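Student: I have a structure open here and would like to go through it with you. Could we take it one piece at a time?

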Amino acid sequence: MSEELAQGPKESPPAPRAGSREVWKKGGRLLSVLLAVNVLLLACTLISGGAFNKVAVYDTDVFALLTTMMLLASLWTLFYLLRTVRCPNAVPYRDAHAGPIWLRGGLVLFGICTLVMDVFKTGYYSSFFECQSAIKILHPLTQAVFVIVQTYFLWVSAKDCIHVHLDLTRCGLMFTLTTNLAIWMAAVVDESVHQTHSYDSSHSNTSHHRFVPDPERAGSSVGGDCPCNTAICQIFQQGYFYLYPFNIEYSLFASTMLYVMWKNVGRLLASSTHGHGHTPSRVSLFRETFFAGPILGLMLFVVGLAVFIIYEVQVSGEGGRTQQALVIYYSFNIICLGLMTLVSLSGSVIYRFDRRAMDHHKNPTRTLDVALLMGAALGQYAISYYSIVAVVVGAPRDLLGGLNLAHALLMIAQHTFQNVFIIESLHRGPPGVEPRDTTPKEPCHGLTFANLDALHTLPACPSTPRLVGPSPEGVQEAVAVILAPRGHWRRRCLKDISLFLLLCNVILWIMPAFGARPHFSNTVEVDFYGYSLWAAIVNICLPFGIFYRMHAVSSLLEVYVLS
């Protein structure tokens, strides 16, 4: 008896096994986050210090750090790919919501533009190789290798829920994410330095030309400037500054995908949700729409391009045309933002009559999308509120001040209502899925042919003990999508709304990303806050506003597909 009592506790499994596993999971995440925070702070210190001429941190130091980080991240990525190939049980689950095709397609597009930028950058620094450090040529070459390796890695592994070497994988993903954020910060700081140098060199409130070379950053790190006088050198210089926005978006797209992979490390998916997603196999661009949204969106897109060209030409030219260019720019933005606000409100009203069930499944991709939409919008909120205070409290009461005030107010309203529409759309189930608590009274109608076994799983049909497959919920949603009325007016309106907002966000991304800076051309904020404070506000907040537009495009494309 004593032996049985002695052996009893040994045979019983430990009770807190699941809890300890969860604690260790949080500990592994904490370790990777601490690594990322320390590396990011080091990169932030060097990048920000290298932006000022009086700090003894040269651009070669920044290039050396970024090159080292990209080499280490590329080596870890190759190790991950080789390890998953050799270990067949390394990825037992794949998250169907992670890495949608439009997000990976955008990553490839921005990656190709980044490679072209690296070619121009290499040609630019090679034009005066005799007075440059070798690291300036090695940096774009290393970045090209990093972009190729990372793009392939995210294309094939974005959906992975890996279950081997969990702590090492979390640290590697966080380090790669930090590398992309460091590249993004370096590009944003470089852009801000050029903007500031252009303003100071011209001594005019109307000039913000983005291609004036900065002698400190174009010169060697030990003194002496490297002139860029040849035509080929100037072409390379202008070319890679034109492509900077694509490099910035590539880094941010890669960061979001890496974060979702980090959240999916060690994740267990139920068999009912394994491989189940709401993304259809084929997507037709203007399918089941009224064509009003795409046509109106294309018209605003074309008009916006013309306004942007006129603005750049007139602001960069004679000073007398600056006010006219600003009036045209603000007028177009007011019309565009007003229409986007009304359309977003219309979409939210349509959802009040939509009986689709809310999707409450755990979805790291959707959680990240919502957080990025809300967080990135804060940048434009800050700029708008600073502009409102400057216009209301400031002395001038002219047409330009009124347009600036209307533009700031509509910018806040548009971001708010568009976020409400997108977030509600992302939380809706697929078309045709009714809430589970409904008790249908009538049988199914309007079916020409259907599988009888599938009909038993519909909420609108009498319940039956016979179920199809191991996942009745997944089959129920899939069959409901098939049986949903294709020509329903609400679905068409939602598709038109999403396409219209998508095209408008694209043109509103192009304008600030490629050099439109009415914040400095308009003298109201500069005179009220002073150039130094206003430049700091714009240079910190505007990159988040630019990222918001492109992230909204990605989310709206998903809304269009799910509608």
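Student: How exposed is Asp167, what does it count as?
Tutor: Asp167 has 22% relative accessibility, so it counts as partly exposed, where buried means under 20% relative accessible area, exposed over 50% and partly exposed in between, with a 1.4 Å probe and protein chains only. This is a predicted model, in which local features need pLDDT of at least 70 and side-chain atom pairs count only at pLDDT 80 or more, while totals for chains, interfaces and linings use all residues. Residues are numbered from 1 along each chain as its sequence is written, and side-chain values use heavy atoms, with hydrogens and water left out.

Student: And which residue does Asp167 form a salt bridge with?
Tutor: Its partner is Arg170, with the closest N and O atoms 3.5 Å apart; a salt bridge here is a side-chain nitrogen of Lys or Arg within 4 Å of a carboxyl oxygen of Asp or Glu. Arg170 counts as buried because its relative accessibility is 1%.

Student: How many salt bridges does the count come to?
Tutor: The count is 2 salt bridges. Asp160 also forms one, with Arg94, and there the closest N and O atoms are 2.5 Å apart. That pair links distant parts of the chain, since Asp160 is in strand E2 and Arg94 in strand E1 (residues 93-94), 66 residues apart. Asp160, at 5% relative accessibility, counts as buried, whereas Arg94, at 35%, counts as partly exposed.

Student: Switching topic, what is the phi of His165?
Tutor: His165 has a positive phi of about 50° although it is not a glycine. Most residues other than glycine have a negative phi. You will find His165 in the loop between strand E2 (160-161) and helix H6 (166-202).

Student: Now the helices: at what angle do H10 and H11 pack?
Tutor: Helix H10 (residues 292-316) and helix H11 (residues 322-352) pack at about 160°, with axes 9 Å apart, the axes being lines fitted to C-alpha atoms over the stretch in contact and the angles running from 0 to 180 degrees between N-to-C directions. H10 and H11 are therefore roughly antiparallel, a term for angles over 145 degrees.

Student: Which residues meet there?
Tutor: Among them, Leu300, Val303 and Tyr311 in H10 meet residues including Tyr329, Phe332 and Leu339 in H11, contact meaning heavy atoms within 4.5 Å.

Key:
Helix = DSSP H or I, 4+ residues; strand = E, 2+ residues; numbered from the N terminus. Parallel < 35°, antiparallel > 145°, perpendicular 65-115°, else oblique.
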